[in-house]
Amino acid sequence: MWGTISAIKPPFSEETARAKVKAAQDAWNTKNPERVAQAYTSNSQWRNRAEFFSGREAIIEFLRRKWSKELDYRLMKELWCYTGNRISVRFEYEWREADNPTQWMRTHGNEHWEFDYDGLMSRRDMSANDYPIEESERRYRSYRWMC
């Protein structure tokens, strides 16, 4: 699977942009920081909400922190638009708070991605909002819906 994401290279068509988004969604749903980080350049620039950092080691550290706090994480990504070596997506994910595991949350947001010509992401710019939901309001109960 992971070779697939870097094998998809710009310039993007609608088909390859959708495939890139699907491969990213699948990778993030593994919740494996080392695996996810391989899709980014060694000096990839990130903005994640109010955090700014660069490089694979910082990405791995960030993702470890993220998934230690966001339990039962399930993500959906949807292609918004694409051109040349850029893709924008909207996303939605659900998770439980590690400090309050009975509270489910939903996060909505947007990401803007820029790729090098080897198909690795060199820039990721993310904005999102979280809000509490009831367990009965969950949309993403398993990985099956994403296949």
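Because the model is predicted, local features are taken at pLDDT of at least 70 and side-chain atom pairs only at pLDDT 80 or more, while totals for chains, interfaces and linings use all residues. Residues are numbered from 1 along each chain as its sequence is written, and side-chain values use heavy atoms, with hydrogens and water left out.

Let me start with the pocket. On a 1 Å grid over the protein atoms alone, a pocket is an open set of points where a 1.4 Å probe fits, with protein on both sides within 12 Å along at least five of seven lines, and lining residues have an atom within 4 Å of a point. The largest pocket holds about 230 Å³ of space, a volume being the space filled by probe spheres set on the points, which are joined across faces, edges and corners. Its lining consists of N48, R49, A50, E51, F62, R65, K66, K69, E70, Y93, W95 and D130. Two or more of these residues come from each of the elements α4 (56–69) and β4 (86–97), and α4 gives the largest share, 4 residues. Here helices (H or I, at least four residues) and strands (E, at least two) are DSSP runs, numbered from the N terminus. By type, the lining has 4 nonpolar, 1 polar and 7 charged residues, where Ala, Val, Leu, Ile, Met, Phe, Trp, Tyr, Cys and Pro count as nonpolar, Asp, Glu, Lys and Arg as charged, and the others, Gly among them, as polar.

R49, one of the lining residues, leads us to the strands, which count as paired if DSSP finds at least two bridges between them. Strand β1 (residues 40–48) runs antiparallel to strand β2 (residues 51–54), with 4 bridges between them, and Q45 has S54 in β2 as its bridge partner. In this hairpin, with 2 residues between the strands, R49 has a positive phi near 60°. R49 counts as partly exposed because its relative accessibility is 29%, given that buried means under 20% relative accessible area, exposed over 50%, and partly exposed in between, with a 1.4 Å probe and protein chains only.

Within strand β3, D72 has a positive phi near 55° although D72 is not a glycine.

Helix α2 (residues 14–28) has 15 residues, so at 1.5 Å a residue the helix should span 21 Å, which agrees with the 21 Å between its end C-alpha atoms; the expected span is 1.5 Å times one less than the number of residues. Among the buried residues of α2 are A17, V21, A24 and W28.

Not counting residues up to four places away in sequence, Q103 touches W95, R96, E97, P132 and I133, contact meaning heavy atoms within 4.5 Å. W95 also belongs to the lining of the largest pocket.
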